2 protein chains.
Amino acid sequence: MKKKTSSDLSQMCKALGNPIRMKIFEHLKEADKCICGEIVNILPIAQATVSQHLKVLKTAGLIKGAICGPSTCYCINKDALDEFKKMVKEF
Amino acid sequence: MKKKTSSDLSQMCKALGNPIRMKIFEHLKEADKCICGEIVNILPIAQATVSQHLKVLKTAGLIKGAICGPSTCYCINKDALDEFKKMVKEF
DNA sequence: TCTCTTTATCGTAAATTTACGATTAATAAC
DNA sequence: GTTATTAATCGTAAATTTACGATAAAGAGA
């Protein structure tokens, strides 16, 4: 894994700096893993928007998505979360 | 001090989720304290924009500003930083 | 007082983000 | 095959953010 920089930290912060994405991440953290549709159900926003937010979290490296039949199964990227915590700790 | 919520964490993340603001905060952390003009000098952006970013950091509670003669002296809010670290640790 | 310095705020343009419905793509079930 | 389900992507509108120059406000020093 590539060494993370202050810029990576900023990007992760930005991804979590949106209340909807924070909720998604927290749900994923508690649910261990779940499909996109489940997230759509617990949030008051459209499916397209949820997909967009998931993409942002994925691009930031914070979550992983695996195609699973017709649906996509998302889970947090534990390594990235640990790295995030480590960076903030040393911040 | 009021109990911080997941929403406060999101707001702090958002404030640090901009590379310029991240730089400002890091500078303030190392410099202990400095006036606005010094920050303007080390960044490639206009004074008005720096002032705007400082306001965002201040609103998020991450920094404090004290009027000091004709200038304003900024410093990090150590309590808020500690609280931020604590929240991320327990995240 | 007048002038200079410093920084906040105003007004605004451009870029980005957020949100949506519609559509597409891909699999599952029949 | 057809149909239903699920999620990504497209196109786009609205909101927000970021940036700037100009101006205002407030203190320092002559």
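This is a predicted model: local features need pLDDT of at least 70, side-chain atom pairs count only at pLDDT 80 or more; totals for chains, interfaces and linings use all residues.

## Before we start

A polar contact is a pair of N or O atoms within 3.5 Å; within protein, one must be able to donate a hydrogen and the other to accept it, and residues adjacent in sequence count only if both atoms are side-chain atoms.

Residues are numbered from 1 along each chain as its sequence is written, chains are lettered from A and ligands numbered from 1 in the order in which they are written, and side-chain values use heavy atoms, with hydrogens and water left out.

## Two copies of one chain

Two copies of a chain are related by a rotation about an axis and a shift along it. Here, chain A is superposed on chain B by a rotation of 180 degrees, with 0.0 Å of shift along the axis and an RMSD of 0.0 Å. That is the relation of a two-fold axis. The superposition is done by least squares on the C-alpha atoms of residues with pLDDT of at least 70 in both copies.

Which residue of chain A comes closest to the rotation axis? A:Cys13 does, with its C-alpha at 2.3 Å. The copies meet through the same surface, because 100% of the interface residues of chain A are also interface residues in chain B.

## The sheet in chain A

Helices (H or I, at least four residues) and strands (E, at least two) are DSSP runs, numbered from the N terminus. Two strands pair if DSSP finds at least two bridges between them. Chain A has an open sheet of three strands, in the order β1-β3-β2 and with antiparallel pairing. Its edge strands are β1 (33–35) and β2 (63–68), each pairing on one side only. From one strand to the next, the twist averages 25 degrees.

Six bridges link β2(A) with β3 (residues 71–76) of chain A in the antiparallel sense; A:Ala66 has A:Cys73 in β3(A) as its bridge partner. The helix α4(A) lies across β2 and β3 of chain A, at about 120 degrees to β2(A). For such angles, axes are lines fitted to C-alpha atoms, for helices over the stretch in contact (heavy atoms within 4.5 Å), and the angles run from 0 to 180 degrees between N-to-C directions.

## The sheet in chain B

Chain B also holds an open sheet of three antiparallel strands, ordered β1-β3-β2. At the edges stand β1 (33–35) and β2 (63–68) of chain B, each with a single partner strand, so one side of each is left without a neighbour in the sheet.

β1(B) and β3(B) run antiparallel and are joined by three bridges, with B:Cys73 in β3(B) as the bridge partner of B:Ile35. α4(B) packs on the sheet, touching β2 and β3 of chain B, and its direction makes about 120 degrees with that of β2(B). Six bridges connect β2(B) to β3(B), again antiparallel, and B:Ile63 stands opposite B:Ile76 in β3(B). The hairpin of these two strands has two residues between them, and B:Gly69 there takes a positive phi near 65 degrees.

## Around DNA strand C

A residue is near a strand if one of its heavy atoms lies within 4 Å of it. Of the 22 residues around DNA strand C, those that come nearest are A:Lys14, A:Ala46, A:His53, B:Ser51 and B:Tyr74. Sugar and phosphate make up 61% of the atoms of DNA strand C that come within 4 Å of the protein. At least two residues of this surface come from each of α4 (47–59) of chain A and α3 (36–42), α4 (47–59) and β3 (71–76) of chain B.

Which parts of the DNA do the polar contacts involve? A polar backbone atom of A:Ala46 is 2.7 Å from a phosphate oxygen of DNA strand C, the side chain of A:Gln52 has an N or O atom 3.1 Å from a base nitrogen, and a polar side-chain atom of B:Thr72 lies 3.4 Å from a sugar or linking oxygen.

## Around DNA strand D

A polar backbone atom of A:Gly37 is 2.7 Å from a phosphate oxygen of DNA strand D, and an N or O atom in the side chain of A:Gln47 is 2.7 Å from a base nitrogen.
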